[in-house]
Amino acid sequence: MNQELSKILNIYSTQKHIDFTTRLLNSSKETIISLLSDLLTMYMNDKNSSTLREYLTVTIAGYEHSEGKIGFNGFQQSSIIGGNPLYCEAKPKNINSVDFHNPDKKTRRKLNGGGNYTDYTWARFEKDKKEAPQLLVSGFIDGKLIYIIEFPFICDSFIANFDRQLQRHFPNGDIKGRYLRGCNFDYKNFIDDKDAKIVYLLEKTILTEYEQYFDKKFYQKLLTK
């Protein structure tokens, strides 16, 4: 973090609002641009928070973002009077190029259209199938949006994948106090579904610059989808 950003954050958090605004008003345009750029870079690549990546995924896909932590990440109001809203669940994934090229890393995560549901159960699975949200799977590299793919939670191959994982962990049904810590999926569980669609994708000439960060088969699917 650069020193000026550190000072601005300190003023914002420990001093009066007038002190914060005065400091900004007395800063040059170049300094303000630098501060905003550094702050966005930090926030977009934050490993402990996907808030901005989630927000962009939801809004670019045409949904209203829901800020609450509980429930779905976004919704679209139905055009039918009295109709139920269409909900969406965002699953953004960010690749940090510095980590990716770190020779000390034993494994390198790649973009594969994947995501996961934490602390999953049969009960939650049934609830999700009933509410049938749209899934928004997105990929970022160093905070830059690469793709967004939308598909229904209830597509056959996606449902079958979750069913297999739950059967393996809870063959006799839910056990009170126990959860499937991560119910995982990747592109193979939805990419060929008739209702899967690409909402956003970099132009091919630019996308090729990021090919090394992709699962090879997923990358080819994106080019032909």
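Visitor: Where does leucine 9 lie?
Guide: Leucine 9 lies in helix 1; helices (H or I, at least four residues) and strands (E, at least two) are DSSP runs, numbered from the N terminus. This is a predicted model in which local features need pLDDT of at least 70 and side-chain atom pairs count only at pLDDT 80 or more, while totals for chains, interfaces and linings use all residues. Residues are numbered from 1 along each chain as its sequence is written, and side-chain values use heavy atoms, leaving out hydrogens and water.

Visitor: Why does leucine 9 count as partly exposed?
Guide: Because its relative accessibility is 32%; buried means under 20% relative accessible area, exposed over 50%, and partly exposed in between (1.4 Å probe, protein chains only).

Visitor: Which residues line the second largest pocket?
Guide: The lining consists of Leu5, Ile8, Leu9, Tyr12, Phe20, Leu24, Ile32, Leu35, Leu36 and Leu39. Helix 1 (3-14), helix 2 (17-25) and helix 3 (29-44) are the elements giving two or more residues to this lining. On a 1 Å grid over the protein atoms alone, a pocket is an open set of points where a 1.4 Å probe fits, with protein on both sides within 12 Å along at least five of seven lines; lining residues have an atom within 4 Å of a point.

Visitor: And how much space lies in it?
Guide: The second largest pocket holds about 150 Å³, where a volume is the space filled by probe spheres set on grid points joined across faces, edges and corners.

Visitor: What about the largest pocket: what is its volume?
Guide: About 1000 Å³. The largest pocket is lined by 36 residues, and Lys47, Ser50, Arg53, Pro92 and Lys93 lie nearest its centre. Strand 3 gives the largest share of that lining, seven residues.

Visitor: Changing topic, what is phi at aspartate 119 and aspartate 142?
Guide: Aspartate 119, in strand 4, has a positive phi of about 50°. For aspartate 142, phi is near 55°, and this residue is in the loop between strand 5 (134-141) and strand 6 (144-152). Most residues other than glycine have a negative phi.

Visitor: Is aspartate 142 buried or partly exposed?
Guide: Aspartate 142 is partly exposed, at 36% relative accessibility.
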